[in-house]
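The following exercises are meant to be worked through with the sequence and the model side by side.

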Amino acid sequence: FPLQSFYTFVLGDDDAAAMLPALPRRHTLTVRVDTPEAWNVQSLEGAQDGDNLRCDEALCGDPGEQPRPLTRLRYTLKGLIVAGQCYDDGMQPPNGLQLVLHQGARGSGSDTLVMRNFGYFQLQAGPGVWRLGLAEGRAADLYDVVDAGPRRRRSGGGSVDMPLLPWGKEVVVASFEDRVQQLSVRKRAGLERVPLLMTDDAQGGDGAGGI
């Protein structure tokens, strides 16, 4: 079949639907919802697997849709994604640093780890005012969240002036558009040489201990 992709556009209320007629019957098809990056869209209903749609001699479409083969799939917006980059005061990504996004005094939220590549992170959220900070434990023991401002400001002596943000960074989710969040952290005084990720040796041996 010469065509590899079939595309249609949907714009409307909750009852809006897309129809893709006359699809090839001898190929395995995959349905993908093309949404803004900040949208967490997931499958809600469907008798068929949207990743593996295929007609065969026994079945084509959902049961009960004969003689006209029709497959119905329903998707829903589960939430929004807060994504961004995290760097330390040396402009290096703290690989493996655990972050939390919560509302109120450590209320319910989501957590994630900072990746090595560009310090990327993403967390699940909904509309409202959130706090982006460090998870309790090793992350909060070693690091502080600091305010780097739009640009890193240097004091007269040449040191980087970055005030502490003890409650984390405020993140406002007020639209369906994605916005890259920038989070700056700094090792606590006296802990600059303590590694974030512990090796087996640093934890006290190779795990072959006894009683």
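Two strands pair if DSSP finds at least two bridges between them, and helices (H or I, at least four residues) and strands (E, at least two) are DSSP runs, numbered from the N terminus. The model is predicted, so that local features need pLDDT of at least 70 and side-chain atom pairs count only at pLDDT 80 or more, while totals for chains, interfaces and linings use all residues. Residues are numbered from 1 along each chain as its sequence is written, and side-chain values use heavy atoms, with hydrogens and water left out.

**Exercise 1.** Determine which strands form the open sheet and in what order they lie.

Solution. Begin with the inventory: the protein chain contains one helix and nine strands, and along the sequence they follow the pattern β-β-β-β-β-β-α-β-β-β. Next, trace the pairing, which is antiparallel and places four strands in an open sheet in the order 4-3-6-8. Strand 4 and strand 8 are the edge strands, each pairing on one side only.

**Exercise 2.** Describe the largest nonpolar core and the surroundings of leucine 132.

Solution. A nonpolar core is a set of buried Ala, Val, Leu, Ile, Met, Phe, Trp, Tyr and Cys residues joined through side-chain atoms within 4.5 Å, where buried means under 20% relative accessible area (1.4 Å probe, protein chains only). The largest such core has 22 residues, and those with the most contacts inside it are Leu97, Leu99, Leu132, Leu134, Leu183 and Val185. Among the elements giving two or more residues to this core are strand 3 (98–102), strand 6 (128–134), helix 1 (138–142) and strand 9 (181–187). Then turn to leucine 132: with neighbours within four places in sequence left aside, its contacts (heavy atoms within 4.5 Å) include Leu99, Phe121, Val171 and Leu183.

**Exercise 3.** Is threonine 112 buried or exposed, and which residues does it touch?

Solution. First, locate threonine 112 in strand 4 (residues 109–113). Threonine 112 is buried because its relative accessible area is 17%. Next, list what threonine 112 touches, not counting residues up to four places away in sequence: Leu97, Gln98, Leu99, Phe121, Gln122 and Leu123. Lastly, look at the side chain of threonine 112, which has a polar atom 3.4 Å from the backbone oxygen of glutamine 122.

Key
Buried < 20%, exposed > 50% of the residue type's maximum accessible area, 1.4 Å probe, protein only. Polar contact = N/O pair within 3.5 Å; in protein donor to acceptor, adjacent residues only side chain to side chain.
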